[in-house]
Amino acid sequence: MENRQKIITTINSKRIEIDGERAFMPLATFLREERCLTGTKVVCAEGDCGACTVLLARDIGADGKLTFKAVNSCIMPLYLIDGAHVVSVEGLKKDDNQGESLHPVQQAMIENHGAQCGYCTPGFVCAMTAMVEKIKSENKTITEKKAKNYLTGNLCRCTGYQPIIKAAMSLDLDKLELLKDRHHNPNWLLEMKKIKSTPVVMNFNQKTIFLPVTMKQALEAKSLNNDIRLVGGSTDIGVVVNKGRLETPKAMALYHIDELKIMSHDNSEIRIGACVTLSEFEDYIEKFILELKSILHIFASPQIKNQATLIGNVVNASPIADTIPYFLVSDTKVVLKSIHNEREVLLKDFYLGYKTLDIKPDEIVTCLKIPRLSALEKLRLYKVSMRKDLDISAVTFAGTIEVENLKIKMVRLALGGVAATVIRLSQLESQLIGSDFKRETFQNIAKQLPQHISPLSDLRASKEYRMKLCQNFFLKFFDEVSVDLSNGGY
Ligand SMILES: Cc1cc2nc3c(=O)[nH]c(=O)nc-3n(C[C@H](O)[C@H](O)[C@H](O)COP(=O)(O)OP(=O)(O)OC[C@H]3O[C@@H](n4cnc5c(N)ncnc54)[C@H](O)[C@@H]3O)c2cc1C
Ligand code: FES
Ligand code: FES
């Protein structure tokens with residue numbers, strides 16, 4: 001198959017080709033410095049403030065049109081936008097034979113005094129436009145709660161949020177033309193399909209960018225170049241690169257490989273492919289594991305979740321990653337593939353130490369296999385952070401339990417933020433099995449906890465606070481499960 005040596009993309013309906021070193025550049029820098037689209041601002045350069053928010057459409061929806069989602073362009077290298085359509089704040093205004101007019105979201109921000117210094121404003125406008133694209137496409141209505149949720153990833157230092165929420169609430173969805181209609185271009189959609197079926201191989205100055213379109217190409221590349229770095233959404237990697245602590249001269253992204261976008265299930269398990277984003281997973285998992293959906297609701301921001309992959313969270317192996325505690329207690333398996341082999345590893349065996357994994361240099365994680373909850377199983381997941389939204393956890397907890405005749409038949413427990421990896425509390429689990437399901441049992445376990453964990457102090461929490469929180473998690477778990485059981489019967 002013929003290779004392509006450049007990235008082809010569309011920005012505000014203009015087709016653009018990018019080759020050489022520039023393909024590593026963050027999208028925000030490219031917009032500002034190469035395209036003079038300076039409406040996009042860069043403030044934190046680490047995905048935290050939303051000033052660089054733009055709309056990105058990589059996929060074509062069921063209606064045959066692009067699906068625009070908000071992403072943070074400061075941590076997105078250009079090689080992640082091959083075959084995509086990007087709309088920056090400049091692309092929101094309408095420019096037709098009746099002249100120029102602002103997007104209704106921009107107009108609403110002006111009318112409701114949603115900007116003062118205005119540094120954050122383009123990001124808010126783009127995030128609000130992404131909200132409108134989704135809510136109107138689903139025939140739903142804007143509520144204050146939804147507006148706040150969609151704007152979680154945007155910080156404003158001087159206006160205050162009330163005028164911004166008022167602007168969102170004032171929008172009339174019936175009168176509003178969606179970007180997916182305004183920027184609909186059948187020729188580009190045809191070209192997009194072609195782009196996604198041709199692998200990109202860019203080699204220059206000992207640097208490589210590889211965008212395979214089949215699994216075989218990806219595995220061959222990994223086997224020949226063990227040091228090639230896999231990049232999912234770049235929300236972990238992009239931050240470290242921007243801080244100058246990591247270079248990724250050889251990068252491979254898998255988003256053109258359709259089989260890695262699977263989300264499927266049968267009676268025993270749910271399978272999630274390596275390219276599924278956290279937003280897609282959040283929507284999908286709701287009907288299977290509501291508790292996990294609640295944790296994803298307070299995971300980062302819409303921008304991060306639209307960009308980040310679930311597998312990225314698992315492979316990044318942070319001791320405070322929010323999805324890992326559940327995967328540990330559910331005995332989730334990681335599927336690893338190399339050109340010669342495929343194997344499955346239980347997540348608890350996948351983590352060998354701080355950011356050390358059971359993964360061979362020629363292997364790629366292709367899928368997670370998540371067991372379904374049993375009918376009797378009661379699950380609770382807790383996250384404590386300094387603020388509710390867009391914050392990294394200080395500690396996390398996962399507990400799942402089956403109780404029969406007031407005795408504990410099965411229990412699995414995990415804690416995050418107390419060791420080099422998220423940990424299973426296997427000894428305490430063994431002790432609990434067969435015990436009476438009563439508060440004293442869990443008080444006793446909480447008392448023993450200092451023999452099993454020794455958390456550290458850092459800027460998020462002191463070790464004493466972490467210990468106390470973890471001990472209280474057990475009591476909260478007991479109390480909540482008791483209520484569940486008394487509602488549903490023992
Ligand atoms: C502002 C901000 C807020 C955040 N908030 C949270 C939060 O609330 N909770 C939380 O848990 N995390 C949070 N994160 C961390 C991050 O968003 C998640 O860990 C995310 O899931 C990473 O996914 P990614 O696709 O962006 O990974 P990337 O950054 O692309 O990659 C992460 C790691 O996974 C490896 N990798 C990716 N795909 C594969 C594959 N297929 N096979 C093998 N290796 C692979 C990469 O090489 C890299 O080592 C936050 C990050 C930011 C910037
Ligand atoms: S500049 Fe702050 S999120 Fe990108
Ligand atoms: S208007 Fe100044 S930061 Fe929001």
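Analyst: In this predicted model, helices α17 and α18 pass each other in a right-handed crossing. Helix α17 covers residues 439–448 and helix α18 covers residues 463–488, and their axes come within 8 Å while crossing at roughly 165°. Angles over 145 degrees count as roughly antiparallel, and the crossing therefore makes α17 roughly antiparallel to α18. On the α17 side the contact is formed by R439, F442, Q443, I445 and A446, and these meet Q471, F474, L475, F477 and F478 on the α18 side. Sorted by class, the residues of this contact comprise seven nonpolar, two polar and one charged.

Helix α2, with residues 104–111, and helix α3, with residues 121–137, have axes that come within 9 Å and cross at roughly 125°. Because of that angle, α2 and α3 are oblique to each other. The crossing in which α2 passes α3 is right-handed. Here V105, Q106 and M109 are the residues that α2 brings to the contact, while α3 brings T121, V125, M128, T129 and V132. By class, this contact of α2 with α3 holds five nonpolar and three polar residues, with no charged residues.

Setting the two pairs side by side, the contact of α17 with α18 includes one charged residue, whereas the contact of α2 with α3 includes none.

Notes: Residues are numbered from 1 along each chain as its sequence is written. Chains are lettered from A and ligands numbered from 1 in the order in which they are written. This is a predicted model: local features need pLDDT of at least 70, side-chain atom pairs count only at pLDDT 80 or more; totals for chains, interfaces and linings use all residues. Axes are lines fitted to C-alpha atoms, for helices over the stretch in contact, and angles run from 0 to 180 degrees between N-to-C directions. Helices (H or I, at least four residues) and strands (E, at least two) are DSSP runs, numbered from the N terminus. Angles under 35 degrees count as roughly parallel, over 145 as roughly antiparallel, 65 to 115 as roughly perpendicular and the rest as oblique. A crossing is left-handed if the near helix is turned anticlockwise from the far one by less than a right angle, and right-handed if clockwise. Two residues are in contact if their C-beta atoms, placed from the backbone, lie within 7 Å. Ala, Val, Leu, Ile, Met, Phe, Trp, Tyr, Cys and Pro count as nonpolar, Asp, Glu, Lys and Arg as charged, and the others, Gly among them, as polar.
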